Amino acid sequence: MNERSETLQRWIARQHALPVDACPLEDVAGDASFRHYYRFRLPDGTQRVLMDAPPEHENSQAFVDIARAWRAARLPVPALYAIDLEAGFVELEDLGDDVMHRHLGSDTDALTWFERALHLLQCLQRQAPCSGLPEYDHALLARELDLFPEWCLTKLLDLPAPPSWPALRESLIDSALVQPRVAVHRDFDAMNLMLHEDTLWLIDFQDAVNGPISYDLVSLLRGRYRLWPQERMADFIENFRRRAQEDGRLPPIDAAIFYRQVEAMGVQRSLKVLGIFCRLTLRDAKPRYLERLPHFLTHLRQGLAAVPAYGEFLTWIDTTFTPALCRELDHRGIDHPLEERIS
C-alpha cells in the first residue's frame, strides 16, 4: 500500500462507517492512464470497485457526468455509489473480471462476440445523449493526428514526416467531419466491454465526445485483439451502414463512399494509437506498448490500402517508416513480424 491507496482506504471506510482495518483493498488493475482500480468487499459480501483517478492527471467529473447520463439513457454502465471529485475517488458497481477480449479465441467465437458488441454500439449511438459532450472537432482530430509525427517519427525514430503528410492529415480530418454526429465512446474496444450477467457493459467512457458515427465502429474492428480479413471488414461496414440507415442514424449514402469514410477514420485512429504508444514508452516509461506497434501498423496499412487516394503515404510507410521501425524494435530486442507482413 502506498500513501494514496491508504488515503483511499480511509475514505471508503468513512463512506460505510467501518473501521479502516475492516476495509482491505484488493489491487485490481491500472491502465495506460494514471487511473488505478481496487476491489473492496462490504460486510454483507457485496463487492465494489474503487477508482483512483488523481485529479491533477484525470478528469473524474467527465466520468461521473457521462456515467449518470448514460445510465439514465438505459445503457449498461456501472452504478456510482460514492464520489469525491476533489480527491479523485469513485466507488463503482463491480462488474467482475470477465472481459470480452477473453472470448475471441476462434474465428467463430470472435464473430459472435463482435456482432454482440456491434449491437451494443447501435444502442449507444441511438440512446446516448450528445449534449454536454466535447466536440470531436477539427482541432481535436488534428491534435490526435499530430501525435504520430511528434512521438513516433521525431522522438522515437528521428524520421521526418513525408511530403504527403499534410495532405493526408487534412483529408482524414475532412472525412471525419462530414459524417453524422453521435455520442462516441472513443475507446470502444474488446478490452473495455465487460461481460456481466450475460450482458456487455461499457467502461472507461470518460473521454466520450460528440463525433463521427464511424469512430467507435472502427475502434472495435481495428482494435487490439483482431486482424480481420478485408472481406470481413467490408461485410461488417456494409451491415453497419444498412442498420444505421434503417434506424435513422445515417442518412442515405453510397456504400463505397461510406466504406472509404470508415477506413479513413481507421487510418486516423491507427496513426493516433501509434503516437500514443510511443508517448507511453518515451514519456511515461511504459515500454511494453512498443510491442503493440506492429499490430496497429498492420491496421494502418489495411486502412491506407482501402483508400486509393492514400497510396503515396502507404508507399512511404512500406519503404521508409517500416524499415526504420524494424531497426528500432530490433535494437530494443522486441520480436516483430513486420517484414513478413509487408512482403
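Which residues do ring pairs link into a cluster? The legends below explore this predicted model, and the opening view gives the reply.

**View A. Ring pairs join five aromatic residues into a cluster.** Look for Phe148, Trp165, Phe313, Trp316 and Phe321, which are linked through their rings. Zoom in on Phe148 and Phe321: their pair is tilted, with 5.5 Å from centre to centre and 50° between the planes. Phe148 belongs to helix H4 (residues 138–157) and Phe321 to helix H10 (residues 311–331), so this pair ties together parts that are 173 residues apart in sequence. Both Phe148 and Phe321 are buried. Across the structure there are 15 aromatic pairs.

View B. Phe114 sits in helix H3 (residues 107–127), while Trp228 is in the loop between helix H6 (215–221) and helix H7 (230–246), so the pair ties together parts 114 residues apart in sequence. Are these two residues, Phe114 and Trp228, buried or exposed? Both are buried.

**View C. The largest nonpolar core holds 103 residues.** Among its members, Trp70, Met100, Phe148, Leu271 and Phe321 touch the most others. Helix H8 (residues 255–282) makes the biggest contribution to this core, giving twelve residues. Now follow Leu271: leaving aside residues up to four places away in sequence, Leu271 touches Leu145, Phe148, Trp165, Leu168, Leu172, Leu300 and Phe313. A second, separate core has twelve residues, including Ile12, Leu25, Phe40 and Ala82. As background, nonpolar side chains tend to be buried together in soluble globular proteins.

**View D. Helix H7 packs its buried residues against H3, H6 and H8.** Those buried residues are Met233, Phe236, Ile237, Glu238, Phe240, Arg241 and Ala244. Just after H7, find Gly248, which takes a positive phi of about 90°.

**View E. Two charged side chains lie over aromatic rings.** In one case, the charged end of Arg48 sits over the ring of Tyr81, 3.6 Å from the ring's centre. In the other, Lys155 lies over the face of Trp151, at 3.9 Å from the ring centre.

Conventions
Residues numbered from 1 in each chain as written. Predicted model: local features only at pLDDT ≥ 70, side-chain atom pairs only at ≥ 80, totals over all residues. Heavy atoms only, no water. Core = buried A, V, L, I, M, F, W, Y, C linked by side-chain atoms within 4.5 Å. Buried < 20%, exposed > 50% of the residue type's maximum accessible area, 1.4 Å probe, protein only. Helix = DSSP H or I, 4+ residues; strand = E, 2+ residues; numbered from the N terminus. Contact = heavy atoms within 4.5 Å. Phe/Tyr/Trp six-rings, centres within 6.5 Å; stacked < 30°, edge-to-face > 60°. Lys NZ or Arg CZ within 6 Å of the ring centre and 35° of its normal.
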